[in-house]
Amino acid sequence: MSRASLREFQSHLAQRLTAAQSGQAPSRWLAVMAGQWRLLLPLEFSGEISPMQHCAPLPHASPWFLGLASLRGQVCGVVHLGRFLGDGSNGLTPQARLIQFASALDLNTALLVDQLVGLRNPDQLQKDPDAARDVSRPWLGAAYRDAEHNLWNEVDLLALAENEHFLNVT
């Protein structure tokens, strides 16, 4: 993707995010890729999106906790979402982005995702009744299929923000 088209995509996505959060659009989720996972992050609990920043590593932290970064003057913990999900991905792509938790969740944390896919609304996806719920990941919500039959998992960011494993970075 060229720089011009990436800027255009980011601009368009920012406009749609603003419209969705103000209730002017039917979009409900921000669709992202984290490793091999296709995830749906609820817009109401998703915060600002930033390019990857330098992280100050935290000694003895879990491999999925990348460290601390300053995002617009706010110190945030950075979690590599793919690694947290057990995906062994290590490399960062130019499309990688940090998605902060919404201020309503009162958690200074950003999730590193490999790629922003766009906005999704319930009309674009069908709930997958055959997908088994993973009890070891209680913050993973319903599973959906898109028109190409790709599996998407909804992430309950409120449940993730309260999850003991997620909060214990060492």
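This is a predicted model: local features need pLDDT of at least 70, side-chain atom pairs count only at pLDDT 80 or more; totals for chains, interfaces and linings use all residues.
Me: How many aromatic pairs does a search of the whole structure find?

Reply: The search finds six.

Me: How do I read the pair Phe-84 and Trp-139: what are the ring distance and plane angle?

Reply: Start with the general idea. Planes under 30 degrees apart count as stacked, over 60 as edge-to-face, and the rest as tilted. Now the case. The ring centres of Phe-84 and Trp-139 lie 5.4 Å apart and the planes meet at 35 degrees, so this pair is tilted. Phe-84 sits in helix H2 and Trp-139 in the loop between strands E9 and E10, so the pair ties together parts 55 residues apart in sequence. Both residues are buried.

Me: And Phe-101 with Phe-166: what is the plane angle there?

Reply: It is 55 degrees, with ring centres 5.9 Å apart, so the pair is tilted. Phe-101 belongs to strand E6 and Phe-166 to helix H4, 65 residues apart. Phe-101 and Phe-166 are buried.

Me: Which residues form one aromatic cluster?

Reply: Trp-64, Phe-84, Phe-101, Trp-139 and Phe-166.

Me: Which residue lies over the face of Trp-152?

Reply: Arg-120 does, at 5.7 Å from the ring centre. The cut-off for a charge over a ring is within 6 Å.

Me: Now Leu-92. Where does it lie?

Reply: Leu-92 is in the loop between helix H2 and strand E6. Leu-92 has 48% relative accessibility, so it counts as partly exposed.

Note on methods: Residues are numbered from 1 along each chain as its sequence is written. Side-chain values use heavy atoms; hydrogens and water are left out. Helices (H or I, at least four residues) and strands (E, at least two) are DSSP runs, numbered from the N terminus. Buried means under 20% relative accessible area, exposed over 50%, partly exposed in between (1.4 Å probe, protein chains only). Rings of Phe, Tyr and Trp (its six-membered ring) pair if their centres lie within 6.5 Å; planes under 30 degrees apart count as stacked, over 60 as edge-to-face and the rest as tilted. A charge sits over a ring if NZ of Lys or CZ of Arg is within 6 Å of the ring centre and within 35 degrees of the ring normal.
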